[in-house]
Amino acid sequence: METHDTITTPSGVCAAMMQDYQQELGAIRDLLKKNPNGMSVTDISKALKKNKNTVGRYLDILLISGQVDMRTYGMAKVYTLSQRVPLSAMLSYSKELIMVLDDEFRIIDVNANFLTLLHLSREEAVGKNISFLQSPEVDVHELLDSISKERKEAETTVTFFVKDKGERIFHQKCVPTVFDDGGKGITLILEDVTERILAEREIRESEERFRTMAENIRDGLIILENGKTVYANRRIAEITGYSFKELWAMDTLSIIPEESRDEVIQRRKEIDAHPETPGDFQTWIIRKDGKRRFVYIRINTARQGSILFYFIIFTDITELKNQEAKVRESEQRFRMMAENIQDGLIIVENDKVVYTNHRINEISGYTDEVIRRMGLHGTIIVENVSGGMADAGLIPFSEE
């Protein structure tokens with residue numbers, strides 16, 4: 001009987017080894033799938049009844065190929081099964097712009113949203129180094145700069161200037177990527193945040209314009225939000241003498257003197273009862289240094305949802321108040337003098353009698369009302385009055 005030796009070719013040996021290798025990796029993946037909280041090398045080697053060094057090498061292969069994740073707890077390393085999403089699914093269904101690059105920055109894959117922005121076809125992009133990417137409609141220099149080897153960041157903001165459309169702003173993530181063959185690269189994920197960024201920019205610009213206006217007007221301004229001070233300009237600090245921090249913490253009524261506080265509280269109640277109607281009043285206030293200032297206060301309100309805003313404008317009219325007091329004092333002194341002289345006195349402005357003292361009533365027999373109604377020439381014959389005095393409108397009369 002003739003016998004034949006079985007001869008195994010080198011290719012057959014490699015195929016058998018590869019099959020065993022895949023079986024070992026598959027066994028580890030199955031084990032980790034059943035233990036989602038993770039397992040150490042020791043745990044896996046005991047469960048599979050394998051040498052720890054062998055299991056360690058298998059885990060290194062799975063880690064490099066991105067099939068498992070590793071976390072360290074002190075000296076221990078815990079492995080879990082990687083939760084991977086198929087790249088094709090992510091590219092097809094994501095609303096973000098996605099581009100996959102290898103370690104040399106060659107474009108491995110790119111989704112339709114990214115190609116639409118760049119105005120390029122798939123053939124014009126895939127396989128090319130991103131450094132040589134040229135778009136006919138979009139300036140991509142900021143994108144290239146953000147992913148250069150020297151400046152690669154996990155997250156940043158990039159801006160594209162699109163021809164005839166202006167700027168498009170994206171939040172960019174650079175995700176380290178490991179391919180099935182163990183090769184490394186990065187995946188760019190760009191989220192369009194143009195509308196949000198432009199809205200925030202407009203709000204900031206509006207706030208800056210408001211602050212510029214509020215800090216340069218001559219009036220003090222306090223803004224209350226549901227009764228709490230949320231803004232006070234520099235002028236209000238100058239008028240009251242209190243710092244911003246102090247104004248924030250204090251009740252605005254505390255700067256009103258006691259004798260005026262009840263009146264101010266009543267006016268405040270009236271304004272609160274009809275917030276849609278602007279209110280105003282005048283009152284003295286007491287500065288931090290104890291000095292008094294007279295202010296004209298105007299209050300306007302605005303409601304936004306559940307928030308009621310009060311806009312309180314302070315105008316310091318102390319100097320005007322003092323000037324008015326001086327004028328009144330001067331008028332009182334003049335009247336006292338005019339009513340106590342022995343001569344009659346008539347004051348004429350533009351041929352109109354504006355003042356007569358009681359002595360002229362005695363001399364002429366006419367009342368103030370009659371003299372003012374009929375005029376100087378209708379009631380009194382004026383003779384031999386010096387031109388200068390008549391021009392000045394001061395006409396004295398003496399009884400002889």
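1. Two strands are taken to pair if DSSP finds at least two bridges between them. Helices (H or I, at least four residues) and strands (E, at least two) are DSSP runs, numbered from the N terminus. This is a predicted model, in which local features need pLDDT of at least 70 and side-chain atom pairs count only at pLDDT 80 or more, while totals for chains, interfaces and linings use all residues. Residues are numbered from 1 along each chain as its sequence is written, and side-chain values use heavy atoms, with hydrogens and water left out.

2. Strand S14 (residues 307-316) has two antiparallel pairings to note. Strand S10 (residues 220-225) pairs with S14 over 6 bridges, and Leu221 stands opposite Ile313. Strand S13 (residues 292-304) pairs with S14 over 10 bridges; here Arg303 has Leu308 as its bridge partner. The hairpin of S13 and S14 has 2 residues between the strands, and Gly305 takes a positive phi near 65°.

3. On the whole chain, 16 helices and 17 strands are assigned. Of the 400 residues, 34% are buried (under 20% relative accessible area; exposed is over 50%, partly exposed in between; 1.4 Å probe, protein chains only). The chain exposes about 26,100 Å², of which carbon and sulfur atoms supply 51%; accessible areas come from the Shrake-Rupley method with a 1.4 Å probe, and for residues only the protein chains shown count as cover.

4. Which residues have the most contacts inside the largest nonpolar core? They are Met99, Leu101, Ile130, Phe160 and Leu188, in a core of 26 residues. Such a core is a set of buried Ala, Val, Leu, Ile, Met, Phe, Trp, Tyr and Cys residues joined through side-chain atoms within 4.5 Å. Among the elements that give two or more residues to this core are strand S4 (97-102), helix H5 (112-118) and strand S9 (184-192). The largest share, 4 residues, comes from H5.

5. Leaving aside neighbours within four places in sequence, Met99 is in contact (heavy atoms within 4.5 Å) with residues including Ile107, Asp109, Phe114 and Leu188. Asp109 is found in strand S5 and counts as buried because its relative accessibility is 17%. Asp109 and Ile98 are 11 residues apart in sequence and 8.3 Å apart in space, C-alpha to C-alpha.

6. A salt bridge is a side-chain nitrogen of Lys or Arg within 4 Å of a carboxyl oxygen of Asp or Glu; by this rule the count comes to 17. One of them joins Arg106 and Asp102 (3.0 Å, N to O). Arg106 is partly exposed, with a relative accessible area of 39%, whereas Asp102 is buried at 11%.

7. Another salt bridge joins Arg201 and Glu167 (2.6 Å, N to O). This pair links distant parts of the chain, with Arg201 in helix H8 (residues 194-216) and Glu167 in strand S8, 34 residues apart. Arg201 is partly exposed, with a relative accessible area of 28%, and Glu167 counts as partly exposed at 22% relative accessibility.

8. Within helix H9 (residues 234-240), Glu238 and Arg235 lie 3 residues apart, about one turn of the helix. Their side chains meet in a salt bridge (3.1 Å, N to O). Is Arg235 buried or exposed? Arg235 is buried, with a relative accessible area of 17%.
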